[in-house]
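Subject: Structure handover

Hello,

Here is the structure you will be working with. Please look through it before reading the notes below.

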Amino acid sequence: MSKSLLVISRQAPWSGPSAREALDIVLAGGAFDLPIGLLFMDDGVFQLAPQQNAKAVQQKDLSANLQALGLFGIDDVFACGHSLAERGLTAPASAQALGNDAIGKLIDRYDQVITL
Amino acid sequence: MSTLHVVSHSPFTDSRLASCLRVCGNADAILLCGDGAYGLHNAALQTRGVKVFVLAEDMLARNLPLPDWADSVDYPGFVQLSIDYDKVNSWL
């Protein structure tokens, strides 16, 4: 049985490579059928904001990667409710919003954690 | 399962420590290293009631006093902690 992995993505989408790299780790894990979860936290929840325009800053759109999560069998996608509320965002249908205690339990449940 | 949270950024310029404190469990511990050692000046760390370690050389380099609610470790101690806890979460 493979070890389960939780990836915590906490960087805004256009601030550097971290957001894309976190997604790449998750998708790669999904391609190998690893038990993997993804949690958006802090500025990472900005990745979930609708109708962003990556072309305006000459970057590639992350939303295609986000939509691919389901195709790669990654259903455990979560967002920090506190971080969403702080930024006036709501969780999209593809991500489940969690409170602080629930996030603590989530981290507990996985064998390994990568925070980017 | 217990987690060792490694924080290497100052809590005064960065939200990592605050976020870590929001979600860390009672069986978890926080290891401060690099500018994360300035977290010893952060009252929230003391009141949260979670175990706190600081990397000794980063504390000494910054001339930070070791409060009674924290313990200092050297690099072998760091390695031992990473073994003692079920997993390590580095807040990169």
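How many residues does the contact take from chain A and from chain B? The contact takes 13 residues from chain A and 13 residues from chain B, where two residues are in contact if their C-beta atoms, placed from the backbone, lie within 7 Å. On the side of chain A that touches chain B, α4 and β5 of chain A each supply at least two residues. The most comes from α4(A), which gives five residues. By type, the residues of that side of chain A are five nonpolar, five polar and three charged. Here Ala, Val, Leu, Ile, Met, Phe, Trp, Tyr, Cys and Pro count as nonpolar, Asp, Glu, Lys and Arg as charged, and the others, Gly among them, as polar.

A note on the source. This is a predicted model, in which local features need pLDDT of at least 70 and side-chain atom pairs count only at pLDDT 80 or more, while totals for chains, interfaces and linings use all residues. Residues are numbered from 1 along each chain as its sequence is written, and chains are lettered from A and ligands numbered from 1 in the order in which they are written.

Now the sheet. Helices (H or I, at least four residues) and strands (E, at least two) are DSSP runs, numbered from the N terminus. Two strands pair if DSSP finds at least two bridges between them. Chain A has an open sheet of five strands in the order β4-β3-β2-β1-β5, with parallel pairing. Its edge strands are β4 and β5 (112-115) of chain A, each of which pairs on one side only.

Strand β2 (residues 36-40) of chain A runs parallel to strand β3 (residues 77-80) of chain A, and three bridges join them. In this pair, A:L38 stands opposite A:V77. Three bridges also join β3(A) to strand β4 (residues 96-98) of chain A, again parallel. There, A:F78 has A:Q96 as its bridge partner, and A:A79 stands opposite A:A97.

Helix α2 (residues 63-71) of chain A forms a right-handed one with β2(A) and β3(A). Right-handed means that, with the strands pointing away from the viewer, the path from the first strand over the helix to the second runs clockwise. Helix α3 (residues 81-86) of chain A forms another right-handed unit with β3(A) and β4(A).

Regards
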